[in-house]
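Here are my notes for your first look at this one. Have the model open while you go through the points.

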Amino acid sequence: MSSYLRFDGATLPGAVGRDEPNGSRISDGHAGHLCFGPYFSLDPGNYVAGFYLRALPGSAVNAIDFDVYIGGDHGIARKSISTGTLFEDTPTFVAMEFEV
């Protein structure tokens with residue numbers, strides 16, 4: 001059985017960035033966690049975390065890091081991409097597979 005959960009960036013906690021009326025969160029140029037969470041229990045199995053991202057017009061090329069943690073300090077998945085791989089006018093889907 002498959003299930004799907006969706007969270008708008010503006011509904012998740014974050015340390016930097018600003019929330020937009022459309023539910024997205026935009027970087028304000030400061031380093032830090034743009035968003036984190038949600039936190040919930042998963043049954044053992046294979047999962048995919050997906051993110052829709054766009055580059056801001058004229059923005060500098062930087063790295064975006066994604067990670068999945070279990071039990072606080074136990075990282076089980078990590079992915080890093082360059083903002084140079086993102087489109088400005090169309091959201092890019094970034095997938096990160098992981099296993100619990």
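1. First, a term: a residue is buried when its relative accessible area is under 20%, exposed when over 50%, and partly exposed in between (1.4 Å probe, protein chains only).

2. Some ground rules. What you see is a predicted model, where local features need pLDDT of at least 70 and side-chain atom pairs count only at pLDDT 80 or more, while totals for chains, interfaces and linings use all residues. Residues are numbered from 1 along each chain as its sequence is written, and side-chain values use heavy atoms, leaving out hydrogens and water.

3. On the overall build, the protein has six strands and zero helices (DSSP runs numbered from the N terminus: E of at least two residues for strands, H or I of at least four for helices). The C-alpha trace spans about 40 × 25 × 25 Å along its principal axes. The radius of gyration, taken over C-alpha atoms, is 14 Å, which agrees with the value near 13 Å that a compact globule of 100 residues would have (the globule rule is 2.2 Å times the number of residues to the power 0.38).

4. Now look inside. The largest nonpolar core has 11 residues, among them Leu53, Phe66, Ile81, Leu86 and Phe98. Such a core is a set of buried Ala, Val, Leu, Ile, Met, Phe, Trp, Tyr and Cys residues joined through side-chain atoms within 4.5 Å. Strands β3 (46-53), β4 (63-70), β5 (74-82) and β6 (92-99) each give two or more residues to this core, and β6 gives the most, with three.

5. Which residues does Leu86 touch, leaving aside those up to four places away in sequence? They are Leu53, Arg54, Ala55, Ile64, Ile81 and Thr92, where a contact means heavy atoms within 4.5 Å.

6. On to charges: there are four salt bridges in the structure, each a side-chain nitrogen of Lys or Arg within 4 Å of a carboxyl oxygen of Asp or Glu. One of them pairs Asp65 with Arg78, the closest N and O atoms being 3.5 Å apart. Asp65 sits in strand β4 and Arg78 in strand β5, so this pair ties together parts 13 residues apart in sequence. Asp65 is partly exposed at 44% relative accessible area, whereas Arg78, at 57%, counts as exposed.

7. Another salt bridge joins the side chains of Arg6 and Asp8 (3.2 Å, N to O). Here Arg6 is exposed at 60% relative accessibility, and Asp8 is partly exposed at 28%.
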